[in-house]
Amino acid sequence: MYWLDRLNSGLNRLQIGGGRVEVLHWAYDENLVDNRPHRHTYFEACLVGRHGSGAFYEPMSEHLLAPGTIFVARPGVVHNIVNTAYPLMELFWVSFGWSSEEKSPKTDGERAMRSFVESEICSARDQMGLLALWEALRMNASGRWTVGSRDQTTSLLKAVILGIAQALGPSERVENP
């Protein structure tokens, strides 16, 4: 089974503290072509892989893209991606929503998700650790599944989502790691 098919076949609800991530889809393109301005009703977090460069455009800003850059299209914001070099960008992305009925966060991860959702940060460079997590997710989902594989993959899915939240939310120091 192709790794994206596995990720998109039922691993779409992730509990983080008292909140929930609803994953709409995981995607990947080894050589992404430019896209036209568009918008959606969900978060679309993208990570430039090992090659390519370009720009992520929003109405009032331009974010330069290079390997290891994470960027997010926030709900309702018109945006597009344009390549500026060859080979075209390798791009990983995930589309998701976040909800929580709790008044205050129950966990550190939930606090990170809330900070991400409320943030206006759109891009962060040098996220090679997040790229390594995404690659680990791809390798795990590509392999032969045995007992425990589903839970292991779910943990990696959460790790990628939390890595996105950490990279694109305001930094908070934690006193007791």
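1. What covers the buried residues of helix α2? The cover includes strands β1 (13–16), β2 (19–29), β3 (43–48), β6 (70–73) and β8 (91–100), together with helix α4. The buried residues themselves are G109, E110, A112, M113, R114, S115 and F116. Buried denotes under 20% relative accessible area, exposed over 50%, and partly exposed the range in between, with a 1.4 Å probe and protein chains only. Helices (H or I, at least four residues) and strands (E, at least two) are DSSP runs, numbered from the N terminus.

2. Basis of the note. The model is predicted: local features need pLDDT of at least 70, side-chain atom pairs count only at pLDDT 80 or more, and totals for chains, interfaces and linings use all residues. Residues are numbered from 1 along each chain as its sequence is written, and side-chain values use heavy atoms, with hydrogens and water left out.

3. The six-stranded sheet. Six strands form an open sheet in the order β1-β2-β8-β3-β6-β9, with antiparallel pairing. At its edges stand β1 and β9, each of which pairs on one side only. Two strands are said to pair if DSSP finds at least two bridges between them. Between β2 and β8 there are 10 bridges, in the antiparallel sense; G19 has S100 of β8 as its bridge partner.

4. Helices on that sheet. Helix α2 packs on the sheet and touches β1, β2, β3, β6 and β8, its direction making about 105° with that of β8. Helix α4 also packs on the sheet, touching β1, β2, β3, β6, β8 and β9, and its direction makes about 65° with that of β1. Contact means heavy atoms within 4.5 Å. Axes are lines fitted to C-alpha atoms, for helices over the stretch in contact, and angles run from 0 to 180 degrees between N-to-C directions.

5. The α2–α4 pair. Helix α2 (residues 108–118) packs against helix α4 (residues 149–167) at an angle of about 50°, and their axes are 8 Å apart. The two helices are therefore oblique to each other. Angles under 35 degrees count as roughly parallel, over 145 as roughly antiparallel, 65 to 115 as roughly perpendicular and the rest as oblique. The crossing of α2 and α4 is left-handed, a term used if the near helix is turned anticlockwise from the far one by less than a right angle; clockwise would be right-handed. G109, A112, M113 and F116 of α2 meet I161, L162, I164 and A165 of α4 in this contact. By class, the contact residues of α2 with α4 comprise seven nonpolar, one polar and no charged. Here Ala, Val, Leu, Ile, Met, Phe, Trp, Tyr, Cys and Pro count as nonpolar, Asp, Glu, Lys and Arg as charged, and the others, Gly among them, as polar.

6. The α3–α4 pair. The axes of helix α3 (residues 128–142) and α4 come within 9 Å and cross at roughly 155°. This angle makes α3 roughly antiparallel to α4. The crossing of α3 and α4 is left-handed. From α3, the contact is made by L130, L133, W134, A136, L137 and N140; from α4, it is made by S149, Q152, T153, L156, L157, A159, V160, G163 and I164. The contact of α3 with α4 holds 10 nonpolar, five polar and no charged residues.

7. The three-stranded sheet. A second open sheet has the order β5-β4-β7, with antiparallel pairing among its three strands. Strands β5 (61–65) and β7 (80–83) stand at the edges, each with a single partner strand, so one side of each is left without a neighbour in the sheet. Neighbouring strands here are turned by 25° against each other on average, direction ignored.

8. Strand β4. How many of the residues of β4 are buried? Four of its five residues are, and the strand is thus mostly covered. Strand β4 (residues 54–58) pairs with β5 over five antiparallel bridges, and a hairpin joins β4 to β5 through two residues. The bridge partner of G54 in β5 is L65. Four bridges join β4 to β7, again antiparallel, and F56 has I81 as its partner in β7.

9. Backbone points to inspect. Most residues other than glycine have a negative phi, and most peptide bonds are trans. A cis peptide bond joins Y86 and P87, with omega about 0°; P87 lies in the loop between β7 and β8. Phi of D126, a residue other than glycine, is positive, near 55°. D126 sits in the loop between β9 (123–124) and α3, and counts as exposed at 68% relative accessibility.
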